[in-house]
Every structure is written in structure tokens, then in C-alpha cells.
Amino acid sequence: MIRFDNVSKVYPGGFVALKDVSFQVESGEMAFLTGHSGAGKSTLLKLMCLMEKATSGTVELNNTDLSKIKYNNIPYARRNIGMIFQNHNLLMDRTVFDNVALPLIIEGCSLKETRKRVEAALEKVHLQNKLKYYPNMLSGGEQQRVGIARALVNKPPILLADEPTGNLDPKLSLDIIKLFEEFNDLGVTVLIATHDLGLIARMKYRTLTLKQGKMITDGLIEGLHSKGKQDAR
Amino acid sequence: MQDSEHFARPSNKLGFSARFAGWVIRHVQQGIGSLGDLWRTPFTSVMTILVLGISLTLPATLHLFVKNAKTVTEQWNSASEITLFLKLSVSDKSAQQLVQRLSLYPDIASVKYVSAEQALAEFKVLSGFGDALEYLDDNPLPATVLVTPTQRASQAEAAGDLLLKLEQEREVEQGKLDLEWLTRLQAMAELIEDIVIGLALLLCLSVVLIIGNTIRLAILNQKDAIAIMKLVGATDAFIQRPFLYAGIWYGILGGLVACLCVYVLGTYLSYALENLTHLYHSNFKLEGLTSSEILLLILSAIILGFSGSYISVRKHIKTIEPTAD
């Protein structure tokens with residue numbers, strides 16, 4: 001469960017990235033987060049990943065107030081969040097297997113268990129034949145899928161994606177979103193930040209819209225979704 | 001709220017033995033992996049190892065020379081003698097009694113009596129004034145007793161104490177021990193030892209700084225990878241480990257280089273030293289590092305390597321934070 005209660009974030013220098021943002025995403029729910037560049041989407045995700053701290057208000061993940069987590073416990077908190085980025089954030093000098101295995105190695109999984117779970121995660125994203133490849137030998141879509149496999153390999157209860165389809169063509173974007181749907185069906189809470197309105201229109205999910213740091217809409221955007229249906233036809 | 005720290009706690013699903021085995025395996029993997037990292041950057045690694053090795057060679061070689069110099073001076077010390085000049089009035093019989101008494105001293109290894117006649121005969125032969133001495137009416141030389149202290153009593157201070165004691169004997173006019181040169185020699189040896197310690201401390205500091213800087217560069221080189229690891233939940237300890245192992249590897253390899261350098265230098269100089277000491281009819285042989293000294297040298301190098309990398313990782317890894325860009 002993700003809960004924001006009157007959260008504001010002001011960066012040094014006075015830039016207000018978020019202002020009194022409140023919302024709640026229930027466990028097992030899938031939602032989109034949208035808004036123009038600079039609307040505050042990335043800041044909101046950074047707060048959930050403990051990369052930033054809220055200036056005021058409360059951010060809770062699975063009933064834990066993130067502001068109360070001590071520095072030494074931040075890594076353990078991050079293990080409960082699967083994070084996917086537009087630029088994939090892969091280790092370029094390590095193979096696909098090593099990249100996906102990283103969260104399990106960090107957690108201290110046995111070698112046998114690690115191999116089993118990495119192979120299962122890569123099978124899920126259809127990259128089971130590319131275990132020994134290096135990221136620069138893969139296409140953008142494949143790299144993104146490696147990132148997704150890594151985010152999900154340790155079965156986190158929450159999945160956050162920041163512009164996961166940003167560099168991909170529409171068909172690949174849809175494939176990636178379908179993958180998220182599959183994980184959501186397994187009970188994972190999914191929040192996808194994107195400014196791709198076409199993609200949001202094709203999916204019928206709750207959408208949170210940010211504008212200049214403020215939450216302006218929360219729910220299904222009817223006009224947008226009927227437009228999506230027309231586009232699909 | 002159920003449990004505020006629930007979200008932040010590590011999983012304890014595995015038993016202690018399984019977790020301990022996993023911990024050991026991860027250490028072994030990261031230890032071997034860090035050796036692989038050194039192998040992948042051969043130029044930097046070799047340069048760092050050589051700097052460490054050569055820096056340790058200097059104090060180790062000086063230590064070797066101080067150790068050998070001590071062995072030599074100890075030999076000289078044990079050969080030192082105390083000469084007791086007896087009063088002219090002392091008869092041969094009283095002198096023999098004195099010799100018997102001195103033989104019972106626990107600090108005395110041997111006693112030799114030289115009568116006044118024997119002393120004059122020796123002087124005639126050695127001085128070259130044999131004919132001139134024939135014209136003397138009386139023998140001006142006193143009888144002497146040559147006392148060799150035991151090994152324990154042959155050190156400068158103990159020998160001085162023994163001399164004072166022997167001078168208390170009623171037959172003795174004067175005692176003589178050439179302590180000055182021994183004291184000077186020992187003072188010089190102590191000075192050189194202090195210089196070696198000072199130099200070793202300075203070089204150790206430079207080794208720590210060099211390794212710290214090498215590790216700092218390695219950390220900066222892997223800044224992006226560290227940020228990604230933090231993002232997927234790696235603790236600082238997990239990220240630090242390969243760098244700490246790298247410091248240990250630098251120490252082991254640098255220590256081995258230092259041992260090799262000391263051996264080569266020792267072998268090279270021992271020929272020259274043996275030639276020199278041979279001229280003084282000495283069988284002196286340069287003693288190399290013992291196995292315990294080799295172990296100590298390598299252990300010191302490991303400690304220095306670990307310290308350098310520890311200081312660096314503590315300072316730099318905490319400052320690297322993941323970014324979403």
C-alpha cells in the first residue's frame with residue numbers, strides 16, 4: 001500500500017516540486033501517474049525510493065512511515081520496492097544473469113536459489129536465452145525487460161516504474177505494460193509514471209495527474225479512455 | 001500502523017547456519033572477485049603493488065642491517081675483557097688467592113693471571129724496546145689479572161658494575177675496561193634503530209595514503225555501479241567489501257614484493273660484506289629475514305593495505321547516492 005498525506009517537497013533554492021499531495025494506492029492495485037515534464041512525477045517516485053525526503057507530510061509504504069527509517073535501514077526498505085527506470089540503470093560490465101541476480105546476491109540467497117529465480121524472472125520477460133549477454137548486446141526493449149526482471153526477481157510487494165516505455169515503440173510499450181499487468185495479477189502493487197497519454201488511454205486504470213507539483217485529478221480519465229478505445233479501433 | 005520497522009528489517013527466514021554459510025560464500029566470492037578486479041586493471045595494480053613493496057623494502061632492509069650489526073656488536077661485547085692491575089706489593093701467592101676468589105664470581109667466565117715478569121717479557125717482545133728495557137733496575141710493570149665476564153655481564157652497563165666491584169678487592173690498584181667505544185657503538189646502534197622506526201612510520205603512512213587514493217579512484221570509477229547497487233538494496237558494508245579485499249590483496253602482493261626485494265638486496269650486499277669482513281679475519285655472514293619476520297612483514301603490509309582502503313571506503317561510499325536520472 002502506498003499512502004501520501006499532504007506531502008510537499010521543496011528543493012534547496014526554493015523550487016517547489018510537490019505541494020500538499022495526498023493519495024493512496026491500495027495493495028494489489030495498478031495505477032498510472034502522469035503529468036508534463038517538471039510536474040513532479042520523478043520527485044514523487046524518488047520519495048518512495050528513499051532517494052529524497054519529504055519537506056513536510058507523510059509518505060507511507062506498507063504502513064511504514066519512510067521519514068522514520070534510519071540511514072542503515074534504507075537498503076532493507078529498498079529491497080521491498082522494485083524500481084524500473086527509463087534508462088534501465090543496468091551494470092554494463094556484467095551479464096544479464098549477473099544484473100538480474102544482483103538483488104538476490106545482496107539479500108544473501110543461495111547460489112541454487114539465485115539461479116532458479118533468475119531463470120524464472122528472465123523466462124517471464126522472454127529473455128531466458130540471453131543469460132550470458134552483456135546489456136550493450138541487447139536492444140532498448142530487451143534492456144528494459146532485463147531491468148523489469150531485476151526489479152521483480154526478489155518478489156517485492158511494490159513496483160515503481162519511471163517512464164518505462166520512454167524510448168520504446170508503441171508495440172514494445174504495450175508488451176511492457178502487459179508484463180506489469182501480469183505481475184499486478186500476482187498481487188504486486190504497481191505505479192507507473194509516464195507522460196505517454198496514448199498508452200494510458202489504451203489501458204483502463206486509475207490515473208493520478210500532477211501539474212506543477214499539485215495533484216489535479218485522481219481516477220479514470222473518461223475522455224482520454226474513450227479516445228484510447230477509438231485509437232485502438 | 002502495524003510495525004514501523006517491519007518494512008526495513010532484513011529477512012530472517014533462513015536458519016543461522018544457512019545464513020552463516022551464505023555469508024562465508026559471499027565473502028569468498030567478493031574476495032576472489034576483487035582479485036579479478038585487480039587483474040582487469042593491471043597497470044594500476046602493478047604500480048600500486050610495487051610502490052607498496054618498495055616502500056616496505058627500505059625499513060625491512062634497514063632492520064636487517066641493524067639486526068646484523070647487533071649480532072656483531074654482541075660478539076664484540078662478549079670478547080671484552082677487564083684488566084686488573086695489582087698493587088706492586090702483592091706477592092704471587094696473594095695474586096693466586098685473588099684469582100681463586102674471582103673464579104667464584106657468578107658474573108665471571110674466566111680469569112687469567114699475568115705475573116709482572118710475564119708482563120715485562122711480553123712488553124719486550126711487542127714494544128720493540130727490548131734492549132732499552134735491559135737497563136732498568138726494577139720491573140716497573142705490575143702483575144695483572146685478565147677477567148672475562150660472562151655473556152650476561154658483558155653488556156656495557158653490567159660490565160661497568162662488575163669493574164666497580166672488582167676494584168674493591170684489596171690487591172687491586174686499578175681496573176680498566178674500555179667502555180667508551182662500546183657505549184658509543186651501542187648509542188649509534190640505538191640511533192640507527194630509532195631512524196629505522198621513524199622512517200618505517202613515515203613510509204607506512206605514505207603506503208596507507210597511496211592505497212587510500214588508489215581505492216578512492218576505483219570507487220569513483222564505479223560510482224554509477226555503486227549507485228545502482230544502493231538502489232536495489234545493497235548496504236554500504238556489501239558495497240565496501242570488494243574494495244576492502246582489494247586493499248588486503250594489495251597488502252599481500254606488496255608484502256611478497258618487499259620480501260623478494262629484501263632477499264635480492266641482502267644477497268647482493270652479503271658478497272661485498274663478506275669480502276670486507278674476511279679482511280678482518282671474521283667469518284661474518286649476513287643473516288636474512290627469518291620466517292617469522294617474513295610473516296610479520298606480510299601481515300604489516302596487509303594491515304596497511306586494509307587501513308588505506310578502509311579509510312577511503314568509509315569516506316567515499318556513503319557520499320554516493322542513487323539518482324533516478
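Two strands pair if DSSP finds at least two bridges between them. In this predicted model, strand β4 (residues 56-61) of chain A meets that condition with β5(A), to which two bridges join it in the antiparallel sense. Within this pairing, Leu61(A) has Thr64(A) of β5(A) as its bridge partner.

**Sheet of chain A**
- Four strands of chain A form an open sheet in the order β2-β1-β4-β5, and their pairing is antiparallel.
- The edges are held by β2 (16-25) and β5 (64-65) of chain A; each has a single partner strand, so one side of each is left without a neighbour in the sheet.
- Strands of a sheet pair through backbone hydrogen bonds, in either a parallel or an antiparallel arrangement.

**Contact between chains A and B**
- On the chain A side, 30 residues are in contact with 26 residues of chain B.
- Four elements of chain A, namely α1 (41-48), β5, α2 (74-78) and α3 (96-107), each supply at least two residues of the side that touches chain B.
- Of these elements, α2(A) gives the largest share of that side, with four residues.
- By residue class, the side of chain A that touches chain B comprises 14 nonpolar, nine polar and seven charged residues.

**Packing of α3 and α4 in chain A**
- Helix α4 (residues 111-124) of chain A packs against α3(A) at an angle of about 120°, and the two axes are 9 Å apart.
- Angles of 65 to 115 degrees count as roughly perpendicular and those over 145 as roughly antiparallel; α3(A) and α4(A) are therefore oblique to each other.
- The crossing of these two helices, α3(A) and α4(A), is right-handed.
- From α3(A), the contact draws on Val96(A), Phe97(A), Val100(A), Ala101(A), Leu104(A) and Ile105(A).
- From α4(A), the contributing residues are Thr114(A), Arg117(A), Val118(A), Ala121(A) and Leu122(A).
- The contact of α3(A) with α4(A) is made up of nine nonpolar residues, one polar residue and one charged residue.

**Strand pairing in chain B**
- Strand β3 (residues 144-149) of chain B runs antiparallel to strand β1 (residues 82-86) of chain B, and four bridges join them.
- In this pairing, Thr83(B) has Leu146(B) of β3(B) as its bridge partner.
- Strand β2 (residues 108-114) of chain B also pairs with β3(B), in the antiparallel sense and over six bridges.
- There, Val111(B) stands opposite Val147(B) of β3(B).

How values were computed. Residues numbered from 1 in each chain as written. Chains lettered and ligands numbered in written order. Predicted model: local features only at pLDDT ≥ 70, side-chain atom pairs only at ≥ 80, totals over all residues. Contact = placed C-beta atoms within 7 Å. Nonpolar A, V, L, I, M, F, W, Y, C, P; charged D, E, K, R; others polar. Axes fitted to C-alpha atoms, helices over the stretch in contact; angles between N-to-C directions. Parallel < 35°, antiparallel > 145°, perpendicular 65-115°, else oblique. Left-handed = near helix turned anticlockwise from the far one by under 90°.
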